[in-house]
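Open the model in your viewer and keep the selection panel handy. We will go stop by stop.

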Amino acid sequence: MNRIYLDNAATTPLDKEVLAEMVNVMDNYYGNPSSIHAQGREVRTLIEKARKTVAGLLNAVPAEIFFTSGGTEADNTAIRCGIDAFGLKHAITSKIEHHAVEHTLEMLLKNGVIDKLSYVNIDEKGNVDYAHLEQLLKENERSFVSLMHANNELGTLTDIVKVGDLCETYNAIYHCDTVQTMGHYVHDVRKLKAHFIVCAAHKFHGPKGVGFLYVNHNIKISPMIFGGAQERNMRGGTENVYGIVGLAKAMEIAYAEMEKHQSYIQELKTYLKNKLLAEVPGVGFNGETEPEKSLYTVLNVSFPEMEMSDMLLFNLDINGISASGGSACSSGSNIGSHVLTGIAADPNKPSVRFSFSKYNTKEELDFVVDKVKHIVQQNVSA
């Protein structure tokens, strides 16, 4: 049986064109990019070509792009070094951010780096309350704002242009976690007004272990990782050359085929949503699901309360379906999804995040619905 992979928000399969590009580099380019001899210069050229490619797609300049080990490092660098560079004592985020953001800000508060951490209100679908955000910006001294573009569990989109405008009005520093949307939407950094955005290549059919941090040219931060002069003195350590080349190739492909893939994957998402509603009684959805409000690659499904609900993902797995999910944290327990807890989802209802890519098909989704229907019928209490 061929497995059905619907966990693309966690990681995507590597595109064969990307793999071929990386293998070519592995086979033919082995110099250290910091070396001044011919082999080193060849590899340095590959890195700078990749940087120029990424910058061009974002309407940035190459000096604004710093390659990292992925989204988590990029988020940490933006938050820790951004707050340090401006001596900020107040930060604003939400209760449903990725742990790379949430845990970093909590650590800075605990260690006294910042004096206050405010949480902007969100509604039951994960939408930011922009009026409350403005209130927090107005009531506090200069703030650091960290709000993601698309929630990785719910898919709910935040209007990051509006957030950027508010941050500009109140002279705040704005970091946006764009890990889930990089390669899936066009990001024009000249229009965004974000000081930092981030990328993880494996979210759009690139390799794991590589990403980048965009830092607006109007600000300057110090490095988080020391040890060498790499990345223009911004990140010590020999560069992941194969990964960087793979990232640039994957991003090139994503931008070239973006419109086609948006249409195709949105059609898959809508198809699964409608089929579940029609065939599985009691099913619902967490977060926004309408195209203009929701990331087209993610559908978070809420199932009716059932016996052994904690076995739902396991049952999907043994039926050859890979997905992810969980439930809201129960009172007094740290086990569960902080995102579902943050939107006050029913902790008794199990949830599954199905996330799609260009490699999925409607035939696969038909199979998924049949298996889900059978599992639910077997386990829902009378």
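Which residues of the largest nonpolar core touch the most other members? Select Leu58 and Phe212: these two hold that place among the core's 50 residues. Keep in mind that this is a predicted model.

Now colour α9. This helix gives the core its largest share, 10 residues.

On the α1 side of the contact, pick Glu17, Val18, Glu21, Met22, Val25 and Met26. On the α9 side, the contact residues include Tyr242, Gly246, Lys249 and Ile253. By class, this contact holds nine nonpolar, two polar and three charged residues.

Last stop: select α3, residues 71–86, and α4, residues 99–110. At what angle do their axes cross? Roughly 30 degrees, and the axes come within 9 Å. Under 35 degrees counts as roughly parallel, so α3 and α4 are roughly parallel to each other. This crossing is right-handed. Show the side chains of Thr72, Asp75, Asn76, Ile79, Arg80 and Ile83 on α3. They make the contact with Ala100, Val101, Thr104, Leu105, Met107 and Leu108 of α4. Seven residues here are nonpolar, three polar and two charged.

How values were computed. Residues are numbered from 1 along each chain as its sequence is written. This is a predicted model: local features need pLDDT of at least 70, side-chain atom pairs count only at pLDDT 80 or more; totals for chains, interfaces and linings use all residues. Side-chain values use heavy atoms; hydrogens and water are left out. Contact means heavy atoms within 4.5 Å. Helices (H or I, at least four residues) and strands (E, at least two) are DSSP runs, numbered from the N terminus. Ala, Val, Leu, Ile, Met, Phe, Trp, Tyr, Cys and Pro count as nonpolar, Asp, Glu, Lys and Arg as charged, and the others, Gly among them, as polar. A nonpolar core is a set of buried Ala, Val, Leu, Ile, Met, Phe, Trp, Tyr and Cys residues joined through side-chain atoms within 4.5 Å. Buried means under 20% relative accessible area, exposed over 50%, partly exposed in between (1.4 Å probe, protein chains only). Axes are lines fitted to C-alpha atoms, for helices over the stretch in contact, and angles run from 0 to 180 degrees between N-to-C directions. Angles under 35 degrees count as roughly parallel, over 145 as roughly antiparallel, 65 to 115 as roughly perpendicular and the rest as oblique. A crossing is left-handed if the near helix is turned anticlockwise from the far one by less than a right angle, and right-handed if clockwise.
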